[in-house]
Amino acid sequence: MIIKQVFNFKDLASKVVNPKDTIGEAWLYFLGAVSWLIILGTAAMNLRTFLTYDANSPAVGPVYYSALTIHGWAAMLGLVPDAAIAIIIFSMYKSKLSIVHKKLITALFWASNLGLAVALLGDPHTAWYMYPPLAIEDTSTFQAFFFYHGSLMALAYGCLAINSAGGSIAALTLVIDAYLTKKKDEKINIFAAYGVAFALVIAFTLPALTAAELWYVLAVLFPSMVTVNPLLWTILFWFYGHPVVYYVPFPLFGALYYYIPIYARRSLYSEKWARWNIYLLAIGSMLIWVHHLQTFPLPVDLRAWITLSTLLLASGSGLTVLNLGLTVLTGQGYNWKDPLGLTFLVALIGFIIGGVQALPLPINLINGVVHNTYYVVGHFHLVIWTLILVGFTGVFVDLLKETNPSLNFSAKAKKIMLAGIIWWTVPFVTVGYLMSVAGYLGLLRRVIAYPPMFMPYMDAMSLLAEIGIPGLVMTISAAIAEYVRTGRSVGVSVSSPSVSPPALFASRDGINLIKNIKENIKDKNIKENLVNNKINSSG
């Protein structure tokens, strides 16, 4: 029995480490994202320990900023690209597209993630922005790395370059594979349309970070020959640094467009709006990065462009909210009692409340007041904790169902998953608002020393985070437990994505089909049975 279990585990590990099909590749990147989520969450709770201790000594500073950097790098350089690529791969699978270059995608995953791991092992102290000159200091109190010095620091930035280059090449490969496997004269579904479009955005913007990191490598190895220009480096960084905040949300927009109609029991209010919106969101996300530099001495006309372009991009997000809101409101009753239905509804509502807080930020007079405060931290964490993490959880749960088409969550498991989603959402939304209020009152971000008046805010944030964390763990654990109970293993090849009855009824073709059948069937009893079957399947 033990030998059999060992071989089963070995077979399972082989399928995860070196997947053989498209859904296996999705699993690889999903598990990578979850691994970085655990690391960044652990670092976040550690740095919050320092923020809530009122007797810190100056020696704690480097430790705090080390935890802050691990949190930021694990999030932005680990979780974000892995989660984005995982969702994009799964969106392709749901539209019957396949990965052709499987070995390349797998190799890029391992190169990218191992590169980041090597850099983090050096214990970086400079926060995730990596601004010069502090990020290449080797002797200051806040060193670039605690363990890496001299040529080893160049190695670390070289590994970060491998990390970002791996992500950009993987994204470009997915675009190519989607093109190669798309059937002629067949339109891919809205989920894959968003996934592939924003894979192209990743492939176009992430190389800017690679260039900035390679510049550091040369500056460390040849300090007398290579000088880092802080302004040009900043431009390179933010050309990547603003679009990166959309790497996960915009593919998740595609997921919302795909799943919400299923649980609203109607077709998407306007698929035309949704598809045209891709151009606005994709192009706009790459044009407004300069709004991160509003504390710089920018010309008045450039400041005007910042406000106009940012609000224009916000209109694309608003169109998404309007489209999905009308879908929910005009549907046949939203099925929030299904865990997937609730996750995507929470993701949508979370994006709304987090996005509304961003609307004042492009206005120059307001931005100068809150630019470097917890108001901004509250805004983007609300989006992270709801749209990104809850939406990611929803896609992950559907990945389980696609890997095992016979998976059917029990009533008990559904209740646990629903409770977990609510348990996670309520405390973390409260934390987001506490951050924003504290920022409005003047609490600065990325500092360990702050006025005592903010101590109650810090204590409440940490306590609520501790309370909320088990919620998401409950949801994911219940889903995995049900998956394991069915006896199917990760990486099982499925020839094509399953289409649930709700998805059929949510499509225009399905609705027309039902209407035609009803018109042709005159027997009243048969007609009633058809309607009853539809209601039961949708529920």
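The questions below go from the whole chain to single residues.

Author: This is a predicted model, in which local features need pLDDT of at least 70 and side-chain atom pairs count only at pLDDT 80 or more, whereas totals for chains, interfaces and linings use all residues. Residues are numbered from 1 along each chain as its sequence is written, and side-chain values use heavy atoms, with hydrogens and water left out.

Reader: How many helices and how many strands are there in the chain?

Author: Helices (H or I, at least four residues) and strands (E, at least two) are taken as DSSP runs, numbered from the N terminus. Counted in that way, the chain has zero strands, and its helices number 18.

Reader: Why does the distance between the end C-alpha atoms of helix H10 agree with its 30 residues?

Author: The expected span of a helix is 1.5 Å times one less than its number of residues. Helix H10 covers residues 300-329, so its 30 residues should span 44 Å, and this agrees with the end C-alpha atoms, which are apart by 43 Å.

Reader: Which helices do the buried residues of H10 pack against?

Author: Buried means under 20% relative accessible area, exposed over 50%, and partly exposed in between, with a 1.4 Å probe and protein chains only. Among the buried residues of H10 are Arg303, Leu313 and Asn323. Contact means heavy atoms within 4.5 Å, and the partners of these buried residues are H8 (249-264), H9 (271-285), H11 (339-356) and H12 (364-370).

Reader: Which residues have the most contacts inside the largest nonpolar core?

Author: A nonpolar core is a set of buried Ala, Val, Leu, Ile, Met, Phe, Trp, Tyr and Cys residues joined through side-chain atoms within 4.5 Å. The largest one holds 129 residues, and those with the most contacts inside it are Phe30, Met130, Tyr157 and Tyr240.

Reader: Which helix gives the largest share of this core?

Author: With 20 residues, the largest share of this core comes from H6.

Reader: Is Thr210 buried or exposed?

Author: Thr210 is placed in helix H6, residues 190-221. Leaving aside neighbours within four places in sequence, Thr210 is in contact with Ala161, Ser164 and Ala165. Its relative accessible area is 10%, which means that Thr210 is buried.

Reader: Where is Pro133 found, and what is the peptide bond from Pro132 to Pro133?

Author: Pro133 belongs to the loop between helix H4 (102-120) and helix H5 (151-181). Most peptide bonds are trans. With omega near 0°, the bond from Pro132 to Pro133 is cis.
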